[in-house]
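Keep the picture in view as you read.

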Amino acid sequence: MKQEYDFSKAVRGKFFREGAELQLPIESPRYLRRIEDDVQSWKSTDPQGRSGIGQSPLDRGD
């Protein structure tokens, strides 16, 4: 990425479209429930919470 960009020749509103609608994908509740179930099973099988990843020795009690 450049440190500085030259916008002196830019055109304001070039990509503006009156009345355009943004349609974001909506995740189904079934998919979200499956993620929650995966997280719960992951937490229940991992006694340290995050497998010690990203934890300092003080957090782990070492």
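**Starting at Tyr 5**

Tyr 5 lies in the segment before α1 (29-45). The model is predicted, so local features need pLDDT of at least 70 and side-chain atom pairs count only at pLDDT 80 or more, while totals for chains, interfaces and linings use all residues. Residues are numbered from 1 along each chain as its sequence is written, and side-chain values use heavy atoms, with hydrogens and water left out.

The protein has 2 helices and 0 strands; these are DSSP runs (helices H or I, at least four residues; strands E, at least two), numbered from the N terminus.

How many of the 62 residues count as buried? The share is 5%, where buried means under 20% relative accessible area, exposed over 50%, and partly exposed in between (1.4 Å probe, protein chains only). Tyr 5 is partly exposed because its relative accessibility is 41%, and Phe 7, at 65%, counts as exposed.

Now look at the rings. Rings of Phe, Tyr and Trp (its six-membered ring) pair if their centres lie within 6.5 Å; planes under 30 degrees apart count as stacked, over 60 as edge-to-face and the rest as tilted. The count comes to 1 aromatic pair. Tyr 5 and Phe 7 have ring centres 6.4 Å apart and planes at 40 degrees, so the pair is tilted.
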